[in-house]
Amino acid sequence: MYKLGEHFAPDFQMAIANPDCVIKGEKFRITVLTETLVRLEYNENGIFEDRPTKLVQQRNLPKPNFKIKQDKKYLEISTSIFKLNYQKEKHFFGGKVYPTANLSIKLNHTDRVWYYGHPEVRNYGAPNNILINDRDKYKFTKGLYSLDGFTSIDDSETDVVDEGGCFVKREGETIDIYVFLYYKNFHQCLKDYFAITGPPALLPRYALGNWWSRNEPYNDKTIRKLVDNFEFHEIPLAVLLLNHDWHIRKYDEITDIQSSFTFNEEHFESPINMIKFLHSKGIRIGLSVNPLEGIYPFETNFQMITKYLNPDEDNRIPFNILEPKVLDVYFKLLIHYLDAMHVDFYWLNLESDKIKDIEKFYLNHYHFYDMKRNYKRRPMILAENTNIAPHRYPVLYSGKIEVDWKVLKAIPFFNVSATNNGVSWWSHDIGGFSGGIEEDELYIRFVQLGVFSPILKFGVDKGRFYKREPWRWGINTSTITKEYLRLRHRLIPYLYSEAYKYHKHSKPLLEPIFYRYPEMYDDNLYRNEYYFGSELFVCPIINKKEDIMKRTIHHFYMPEGVWYDFYSGKRFPGPDNYVSFFKEQQYPVFAKAGSIIPFGENDNIFDTTPPKNMEIHIFPGRSNTYELYEDDGMTDLHRKGFYLKSLIEYNYLPSNYTFIIRPLEGKSGIIPEERNYKIRFRNTRKAKDVSAYVKDKRIPLKSYVEENDFIVEVNSVPTIAQLTINCKGQDIEIDALHIINDDIYGILSDLTIETALKQKIYDILFSEQSIQRKRIEVRKLKKDGLDLKFIKLFLKLLEYIEQV
């Protein structure tokens, strides 16, 4: 047994199930892990596995409530959710004619029964490792979410982990299956899944900012120029990801080398100084690595490496991921030397069809766990999905996608379907990586979707005509995308708090609408919609605008409750269908009544650390609470209690509402000692009586109205003290119900039509006549010189009015 290091070694005690949960015979072992999860093992020789596997790390869970009835032949196990029946010592499969003869698990109060070999055809599946295939189709694998209310994972043939942290094959044939029985409580399924496979990793805070990657040979000067441009145009940047050209690419007669771990001195005079420069700006750096070609003689530590590994006939050392000694040398003499330069993370950019998925998994796993040796750097990689507990190894990358509307259309459903397997942290190349046509509108919609996606990563191929830098577009596109990229960084306090919920409480960042409304799954109009954390709801735009009105006609569904357009504040009662018309600068994001959304703003636009200045948006309509989570965002000290949770409360009455923020749990010194707060009460008129207190002491404040929002500012508030703001007045809530007539009026105002003719159109559209009569009157306007294209447009708009 080869020992890779303590940080690779698993916790064997946690892998052994609580003996009070185990029912065992000569050939079978059944473990009730939770009231909704059961492990089934069958082995002819009575040999059962207690070691961790590639997938399952923990089985030592608290004993759940269950009952057992048994005799010499039959076993019945029941919980509040299921009832299991088994004929002892028999193979789990009862035969094709009567598959439930030997073993069955029935969901209580339903007719749904799981059995060994069940086809589970109602499983929704989850994304594999590419966005769409050559036929523009999704390639999904089996996931956890199923309309059956159950799913199973076969762990029978997966490798196990030895004491040294290496993967080894199982011995002999066995059945080892985990059955999740959750009925309609999918959140419980995810809790069970994460309980046995390990929780989702908590991302470094910077990963939630804007990423930049371009496949070109950057050097000291061009990196500084890139950063200067982002700074000049006031566009936040959190991550710079370097493709293969950071390292040596040529050796002797070999060109286009992929496997190199030495900086190219022609590009970087001092890599350490380059990295220091980026860190001084608040930007983190990731490097593309690919060890598959082996280790070349030009590596700095090559001679030292040859003391442990033998070169081949070409004087190159082969890389064998299955050989522990090779891994040990690879990390200690190559990767750790880059770590010493303070590289933040690695992109496992393999670009090869020759490597098997299982080998990709090993590389993902070992790279991620190697980062655990140093608590000062929180682990993160960028890699392909291998479908083995991918939530443990963020961030996933969907590959080099085409510049095309069809790709944009594919992303929302891909992202929400990843939740079917408990995965949130997928990344896609915003704007597309290569090919296609560079279009303003496509670029804008890509950026907007990226802002409300788990990861916002620009990634693009070489070529002067690929425009991913916002400042290279015209003034309209540049202005819009800059504002959205700034918004992404302002959202980091909210995103990081939601990331913590995912890590700690098994609540994914994205929840598809079809979890709550199953009928939406087959509806192409609505299945792309999703809850973005606990407070927001997104209805992505994936279609081109209508050229004449210069707006996108967008159908969307609002869930139950009252929702507000995040930008305009318009109110949308649900559940209901809507149609609206969105300009390029508008995007359909909604906040539910009572939503509390924390924003941050640092003096340095690249800084993603907990902010000194915080703006908190609060929407009216109901009382609510929100838990703000903060830590240093970079290290693993949060595991030792170095974090701070603050509770934000909004106590709502129509003419009397109170805002409170107070520390809830954790330690001081994690975030700024004092903070400046701007509390933005959305859709609210100016209150007559406003007061602010820190603890019991009244403090000065500044209050004013900005469009439809009432704002209260207080400065220098201790972050470990309670801040209370109370607002009183009469009729201070603004009722901004969305009315489609407002949209129609806006469209009419923007059209290039004679003003007198516009008035005639207005009189027709907003008259009390029937829709049919309005159509007739619009057609008559042809005699007044109204262009046919406008007649068709208004007839179409009348259709939408009729639908509403």
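# Exercises on Salt Bridges and Helix Packing

Glutamate 627 counts as partly exposed, at a relative accessibility of 28%. The structure in which this residue is found is a predicted model.

**Exercise 1.** Determine which residue forms a salt bridge with lysine 645, and state whether lysine 645 is buried or exposed.

*Solution.* 
Step 1. The partner of lysine 645 is glutamate 627, and the closest N and O atoms of the pair are 3.8 Å apart.
Step 2. With a relative accessibility of 8%, lysine 645 is buried, because the cut-off for buried is under 20%.

**Exercise 2.** Locate the two ends of the salt bridge between arginine 378 and aspartate 631, and classify the accessibility of each residue.

*Solution.* 
Step 1. In this salt bridge the closest N and O atoms are 3.4 Å apart.
Step 2. Arginine 378 lies in the loop between helix H7 and strand E19, while aspartate 631 lies in the loop between strand E32 and strand E33. The pair links distant parts of the chain, 253 residues apart.
Step 3. Arginine 378 has a relative accessible area of 3% and is buried. Aspartate 631 is likewise buried, its value being 0%.

**Exercise 3.** Describe the salt bridge between glutamate 584 and lysine 545.

*Solution.* 
Step 1. The closest N and O atoms of the two residues are 2.9 Å apart.
Step 2. Glutamate 584 is in the loop between strands E28 and E29, and lysine 545 is in the loop between strands E26 and E27, so parts 39 residues apart in sequence are tied together.
Step 3. Glutamate 584 is buried, at 12% relative accessible area, whereas lysine 545 is partly exposed, at 25%.

**Exercise 4.** Characterise the packing of helices H13 and H14.

*Solution.* 
Step 1. Helix H13 spans residues 740-750 and helix H14 spans residues 755-765; they pack at an angle of about 165 degrees, with axes 10 Å apart.
Step 2. Angles over 145 degrees count as roughly antiparallel, and H13 and H14 are therefore roughly antiparallel.
Step 3. The crossing of the two helices is right-handed.
Step 4. H13 contributes Ile744, Tyr745, Leu748, Ser749 and Asp750 to the contact, and H14 contributes Lys758, Ile761, Tyr762 and Leu765. By class, the contact comprises six nonpolar, one polar and two charged residues.

Key
Residues are numbered from 1 along each chain as its sequence is written. This is a predicted model: local features need pLDDT of at least 70, side-chain atom pairs count only at pLDDT 80 or more; totals for chains, interfaces and linings use all residues. Side-chain values use heavy atoms; hydrogens and water are left out. Axes are lines fitted to C-alpha atoms, for helices over the stretch in contact, and angles run from 0 to 180 degrees between N-to-C directions. Helices (H or I, at least four residues) and strands (E, at least two) are DSSP runs, numbered from the N terminus. Angles under 35 degrees count as roughly parallel, over 145 as roughly antiparallel, 65 to 115 as roughly perpendicular and the rest as oblique. A crossing is left-handed if the near helix is turned anticlockwise from the far one by less than a right angle, and right-handed if clockwise. Contact means heavy atoms within 4.5 Å. Ala, Val, Leu, Ile, Met, Phe, Trp, Tyr, Cys and Pro count as nonpolar, Asp, Glu, Lys and Arg as charged, and the others, Gly among them, as polar. A salt bridge is a side-chain nitrogen of Lys or Arg within 4 Å of a carboxyl oxygen of Asp or Glu. Buried means under 20% relative accessible area, exposed over 50%, partly exposed in between (1.4 Å probe, protein chains only).
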